[in-house]
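Take a moment to look over the model below. Then read on from the sheet to the loops.

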Amino acid sequence: MRGLVDPESLYLQAPIYQSQPVDCSSDAPDFYNTVIEIDYIGEPYELLQMTQAVEFRLGREAVYEQNAPRVIDVDILYFGSGVISEEILTIPHPRLLERRFVLQPLNDIRPNLVLPGDTVTISEHHRYLDSDEPPLTLVQSIW
């Protein structure tokens, strides 16, 4: 397996936000959300294996219920100009543009990003997001 991050590159990290659960049971706790961007050297499926290994090591159990609370959830939102639409991996992430808890931190680090197959920037998607989600609470700007 290749290295996770190109040592010559920097990574981008958004602030950490707290959000109320979306489409979860009424007793679900609040979530903490952020986005990081890394310069990954490798293939998307290798990265997926590594993110799943991190989740497992941090105590995530195999939960097959969509939107169920979990200790950690690491998603691959986009992979350069790559587009994948398969059962195990969809890139860009299919709900990325529908969720404030993803769109806001992504907008913090990549407002001018245009996803493959799209014509609108992340900033524009964020500005015109039509969502019932309450505003996010800033937890920590730099971490």
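Two strands pair if DSSP finds at least two bridges between them. In this predicted model, strand 2 (residues 16-19) and strand 7 meet that rule: three bridges join them, and they run antiparallel. One place to look is Ile16, which stands opposite Gln140 in strand 7.

Now step back to the whole chain. The protein chain has three helices and seven strands. Along the sequence, the pattern reads β-β-β-β-α-β-β-α-α-β. How much of the chain is buried? Buried residues make up 34% of its 143 residues. The accessible surface comes to about 9,400 Å². Carbon and sulfur atoms hold 51% of that surface. Contacts reach across the sequence, too. Take those with a separation of 6 or more: residues 24 or more positions apart account for 60% of them.

Next, the aromatic rings. Rings of Phe, Tyr and Trp pair if their centres lie within 6.5 Å, with the six-membered ring used for Trp. By this rule the count comes to one aromatic pair. Its members are Tyr40 and Phe79, at 6.1 Å centre to centre. The angle between the planes is 65°, and planes over 60 degrees apart count as edge-to-face, so this pair is edge-to-face. The pair links distant parts of the chain, with its residues 39 apart. Tyr40 sits in the loop between strand 4 (36-37) and helix 1 (44-57). Phe79 sits in the loop between helix 1 and strand 5 (84-85).

Are these two residues buried or partly exposed? Tyr40 has 11%, so Tyr40 is buried. Phe79 has 22%, so Phe79 is partly exposed.

One backbone detail remains. Most peptide bonds are trans. The bond from Ile91 to Pro92 is cis, with omega near -5°. Where is Pro92 placed? Pro92 lies in the loop between strand 6 (90-91) and helix 2 (100-109).

Notes:
Residues are numbered from 1 along each chain as its sequence is written. This is a predicted model: local features need pLDDT of at least 70, side-chain atom pairs count only at pLDDT 80 or more; totals for chains, interfaces and linings use all residues. Side-chain values use heavy atoms; hydrogens and water are left out. Rings of Phe, Tyr and Trp (its six-membered ring) pair if their centres lie within 6.5 Å; planes under 30 degrees apart count as stacked, over 60 as edge-to-face and the rest as tilted. Helices (H or I, at least four residues) and strands (E, at least two) are DSSP runs, numbered from the N terminus. Buried means under 20% relative accessible area, exposed over 50%, partly exposed in between (1.4 Å probe, protein chains only). Contact means heavy atoms within 4.5 Å. Accessible areas come from the Shrake-Rupley method with a 1.4 Å probe; for residues, only the protein chains shown count as cover.
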